[in-house]
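Please open the model in your viewer and keep the selection panel at hand. The tour below goes from one selection to the next and says what is to be found at each stop.

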Amino acid sequence: MEISSFIYGLYPRSEKVRKSLSRWERNLTSDKEVSELMYEESQLYYKMCRVNGIELCSDPLFNWYDILRPLSLSIEGISLGSLTRYKETNTFYRMPIINDIVSLGEINEFRSLKDNPPLPLYHPVDSDYLYFLPGIESFIKMSRVREEGKQLRDKMVNIYNDVIKKYSIKSLVIYEPLNVKNISIYDEISPSVNIFLVVSGKVDENMFSSLKRKFYSIVSENPYTVSKYCKIPGIKVVDAFNTRLERDAIEKMKKYKDDFDEIIVTSNEYLDFLPRVIADRKVEMMGGWGR
Amino acid sequence: MNLITQEIGSFRKPDYLSSRFKSLNSKEFLENAERATLETIDLFKKAGLDNIGIGGEMFRWEMYEHPVRKINGIEIYGPVRSFDNRFYNKGSVISEIERKESFHSDEIKFLKKNVKDREIKVPITGPYTLMDWSFNEHYRSRLDLALAFSKIINDEIRELKNIWGEGKLQIQIDEPAATTHPDEMDIVLESVNESISNIDGIETHLHVCYSTDYDLIFNIIPDLKIDVYNLEFANRDKINLGKDRPGYRDIKKFSQVNETMSRKRSLGVGVTDVHIDFVEPVDLIRERIEYSLKYLDPSLVRLNPDCGLRTRSREVGFQKLKNMVDAKNEIIKNL
């Protein structure tokens, strides 16, 4: 069985980035300066992943103040609401208030924002780069919505396809932090894109009813159910809510060796809930698994 | 008849203390923290508060790291994000935990010596919140870790009570995390009760704020060994005048629970929002109090800000407290 380690979503900021953003918040450093630092730190992060042997890593999103924020601020028709608890954690996000979904603003060039460090949305290194977006269903559930329904979902899908077009995305991580009942919405995402879908909670067959698409990977608690709907199933063996290193995880993976030729291993949540030093150690540990 | 006005806990530190809090040597720190405490108590007295808390928590940097730094078995690897670019030092429990020194004895000794004409109330971070805000690398379960914190807090309260000596000491268990995991209310109940068990001569308070579901707390009130519940309400209320106060509707449920018990519990009603600079006018606070009194006997009502006022400037904090006291004074004229 071939194992690929996968890091996704917000990655903890270094001390240097934290201090720089703190100065930026107090108008002691410019948008340009802080934006350049985000680029440099992202490159260091990719290098760290490469050196450690991580096969798959998405953008560390150092300039995202929360998992929804830069996207919310880039869509005309969405404003920011109050600080809201992210799931059962002690971390908070600004709840998007969706009045309408009108259009997507500039996201792939430098742009100052009011309630978030400047864009671009991503800091890609090459054309095989793995992009990241929050799941559409969770985005809507985590927002205050004036009018929910198919029309809203269709508009969100259009926005996601616009993001894909603007960056010419070939590979995309979509993370649904909340439990969703059905994922067929992703049938409408451009078929040329390889999607790595990370889902939360229990998975069952109903989730995939009427699904036409085959994902590149679906990461879940149950690789057996999802394996029919993707090329490579993924499992969560690293705990993003505990500083303990999962030295015994390799044993857990062995139980799948007769059932799958390839498997992706990752964490149960993005690693931003850990101190940076521990996240780095987990990356180092995960990098060794493929070998 | 009086309606007791009280502080919840923290108040904005003066610049001379906050800007050098972690770099002062111990002698300088004590001098500055004591000076800041006296200045803050003076503000509270000017505002007219009956209970001055612990003088604004001038000895503490924040509610988690302060006790955790005084406990063996916890390693702090680095900060984790709270929101945006705000971080806090979240500890990892790596072995059996035990208290290595008192968290708050220096504060209480200072207050015992310097405050004679006001009641005090000591806020202590609760066992469930300490557990929930820590990484658990050692204990078998979240319950086991919460109970280990309970033992430590129980020891701390005993020490504070010994220092205080005769007379009732008010202890406020701060549990902002209490309702964040709805399926763990049994852990909240057991750990809070253990933290205050078998200690005579204390009045127990529980402070919970920004909960999405106070029913979770109300459901366990009959079994909790708590005398006073200090809760946040103003943040969820509107700021225009009117008899209906949507932010305070849960008070009816609290009173319904109270009616089922022979020993009544008191409610500390949050009447001013600590997250906004808008200083609620006296009329607005008065309406909030009047609404509360529709459901509770005045003897069971205390008045406080929603939470600690550390997020507001000292000027805004003072004005919010003063308006709260002025509103109370208008009401008690008619009681």
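This is a predicted model: local features need pLDDT of at least 70, side-chain atom pairs count only at pLDDT 80 or more; totals for chains, interfaces and linings use all residues.

**The contact between the chains**

Begin by selecting the residues where chain A and chain B touch, a contact that takes 21 residues from chain A and 18 residues from chain B. On the side of chain A, the elements that give two or more residues are helix H1 (15-25), strand E3 (75-85) and H8 of chain A, and H1(A) gives the most, with 4 residues. If you colour that side by class, you will find 9 nonpolar, 5 polar and 7 charged residues.

**A helix pair in chain A**

Next, select residues 31-52 and 276-287 of chain A, which are helix H2 and helix H8; they pack at an angle of about 35°, with their axes 8 Å apart. The H2(A) side of this contact is made by A:Met48, A:Cys49 and A:Asn52, while H8(A) brings A:Asp280, A:Val283, A:Glu284 and A:Gly287. By class, these residues divide into 3 nonpolar, 2 polar and 2 charged.

**The nonpolar cores**

Now move to the largest nonpolar core, which has 78 residues, and in which B:Val122, B:Tyr128 and B:Phe149 touch the most other members. Helix H6 (residues 142-164) of chain B supplies the largest share of this core, 9 residues. Centre the view on B:Val122 and, leaving aside its neighbours within four places in sequence, look for its contacts with B:Ile54, B:His104, B:Ile108, B:Leu160, B:Leu169, B:Gln170, B:Ile171 and B:Gln172. Apart from this core lies another, of 77 residues, including A:Leu130, A:Phe132, A:Ile169 and A:Val238.

**Helix H7 of chain B**

Select residues 185-195 of chain B, helix H7, where the buried residues are B:Ile187, B:Val188, B:Ser191, B:Val192 and B:Ser195. Turn the view to look down the axis of H7(B): the buried residues fall within an arc of 115°, so they line one face of the helix. Among the elements that cover them are helix H5 (127-132), H6, strand E6 (169-174) and strand E7 (202-208) of chain B.

**Helix H11 of chain B**

Finally, select residues 314-334 of chain B, helix H11, whose 21 residues should span 30 Å at 1.5 Å a residue; the end C-alpha atoms are 31 Å apart, which agrees. Its buried residues are B:Gly317, B:Phe318, B:Lys320, B:Leu321, B:Asn323, B:Met324, B:Val325, B:Ala327 and B:Lys328. The cover over these buried residues of H11(B) includes strand E1 (4-5), helix H2 (26-47), strand E9 (266-272), helix H10 (282-293) and strand E10 (301-305) of chain B.

Terms used. Residues are numbered from 1 along each chain as its sequence is written. Chains are lettered from A and ligands numbered from 1 in the order in which they are written. Axes are lines fitted to C-alpha atoms, for helices over the stretch in contact, and angles run from 0 to 180 degrees between N-to-C directions. Two residues are in contact if their C-beta atoms, placed from the backbone, lie within 7 Å. Ala, Val, Leu, Ile, Met, Phe, Trp, Tyr, Cys and Pro count as nonpolar, Asp, Glu, Lys and Arg as charged, and the others, Gly among them, as polar. The expected span of a helix is 1.5 Å times one less than its number of residues. A residue is buried if 20 or more other C-beta atoms lie within 10 Å of its own, exposed if 12 or fewer, and partly exposed in between; C-beta atoms are placed from the backbone. A nonpolar core is a set of buried Ala, Val, Leu, Ile, Met, Phe, Trp, Tyr and Cys residues joined through C-beta atoms within 7 Å. The arc is that of the directions from the helix axis to the C-beta atoms.
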